[in-house]
Amino acid sequence: MGFQERDVISVLQKIFATTDPRIQVGIGDDAAVVTAHPHALMTSDMAVENVHFKIEWSSAFDIGRKITAANVADILAMGGSCDFLTASVALTGIETLQWIENLARGMKHEADLAGAHIVGGDIARGPKVVISMTAMGHCSSPILRSGATVGDGIFLSSLTGWSAAGLELLTREISINSPIAEKALSEFSAPTLDHSIDFSRATAMADVSDSVLIQAEQIASASSVQLAFDQSEITKAAEFSELSGLASELKVDVFHWIFAGGEDHVLLATGRELPGIRVGSVIAGSGVSGVQREMAPVSWSHF
């Protein structure tokens, strides 16, 4: 590493520079000074090399996008808007200044899409690359996992399973030259968040980071209801035929990707007449139905 920490900070100050009046003090002091909303939301997420990403699979730009998307999605899942982010990064010492700059530019790209600003963080040395990010946002009224009621529909902001499909291609080292395969690889490396979806009337919501199945079980448990999925409704989704075709080519059950795949960062919501893809109904009872319960998660488990 042929540079000093001050060189990195200088680069980051230029990349993350902003004139947003909500930021009174940005990068350069011991802490940022920002104007906080009365109903502030805060969350944090961590990405560890070879657990959440692989340097040989994803560019620094995409890694920056992915960790930022994970944090922003948690704010969106509360019915909020993301305002500020901080990013702390452990580096091994073999990274180039260009790699670090591309990582930062990926973070800024995703933050810009959310209308958020990166206002600080930290740099340290470690045995592998670790990125820890904290997000601050705001909402008028938080949407919790505990608000689902009998009679609600179940909705996805977009079709899940694309990240799992990309992971399948990478782990099996399968090369398919098609726009569909490229999309799967892209969504694994840096999931696309739908900032246009209006789930403000949702009764309960969660970010699909682990899997639809896991997040649905969490909503069902918190709300003391049953989430009943209807796979025939999912087949009507605009992208289903594309994802299903790729699954058939790889001899994989497409619903395994959709329900057991993770890291799509799609929003799973309950409510009445919401936009997005309707995938089932909230009924009396407990747990989740309409899904093969023996599905093993596609994504890893920490413990």
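## Basis of the model

The model is predicted, and local features need pLDDT of at least 70, side-chain atom pairs count only at pLDDT 80 or more, and totals for chains, interfaces and linings use all residues. Residues are numbered from 1 along each chain as its sequence is written, and side-chain values use heavy atoms, with hydrogens and water left out.

Helices (H or I, at least four residues) and strands (E, at least two) are DSSP runs, numbered from the N terminus.

His 265 sits in the loop between helix H9 (254-260) and strand E10 (266-271). His 265 has a relative accessible area of 7%, so the residue is buried. Buried means under 20% relative accessible area, exposed means over 50%, and partly exposed is in between (1.4 Å probe, protein chains only). The side chain of His 265 makes a polar contact of 3.2 Å with the side chain of Asp 207. A polar contact is a pair of N or O atoms within 3.5 Å; within protein, one must be able to donate a hydrogen and the other to accept it, and residues adjacent in sequence count only if both atoms are side-chain atoms. Leaving aside residues up to four places away in sequence, His 265 touches Ala 70, Ala 73, Pro 191, Leu 193, Asp 207, Val 208 and Ser 209. Contact here means heavy atoms within 4.5 Å.

On a 1 Å grid over the protein atoms alone, a cavity is a set of points where a 1.4 Å probe fits but cannot get out, and a pocket is an open set with protein on both sides within 12 Å along at least five of seven lines; lining residues have an atom within 4 Å of a point. One cavity of 30 Å³ or more is found in the whole structure, and the volume of the largest cavity is about 50 Å³. Grid points are joined across faces, edges and corners, and a volume is the space filled by probe spheres set on the points. The lining of the largest cavity has four nonpolar residues, four polar and one charged. Ala, Val, Leu, Ile, Met, Phe, Trp, Tyr, Cys and Pro count as nonpolar, Asp, Glu, Lys and Arg as charged, and the others, Gly among them, as polar.

## The second largest pocket

The second largest pocket has a volume of about 430 Å³. Its lining has 25 residues, and Leu 12, Gly 120, Gly 121, Asp 122 and Ile 123 lie nearest the centre. Strand E5 gives the largest share of this lining, six residues. By class, the lining divides into 17 nonpolar, four polar and four charged residues.

## Thr 92

Thr 92 is in the loop between strand E4 (81-91) and helix H3 (97-114). Its relative accessibility is 17%, so Thr 92 counts as buried. A polar atom of the Thr 92 side chain lies 3.3 Å from the backbone nitrogen of Ile 94.

## Two residues with positive phi

Most residues other than glycine have a negative phi. Asn 50 is not a glycine, yet has a positive phi of about 70°. Glu 273, also not a glycine, has a positive phi of about 50°. Asn 50 is partly exposed at 43% relative accessible area, while Glu 273 is exposed at 72%.
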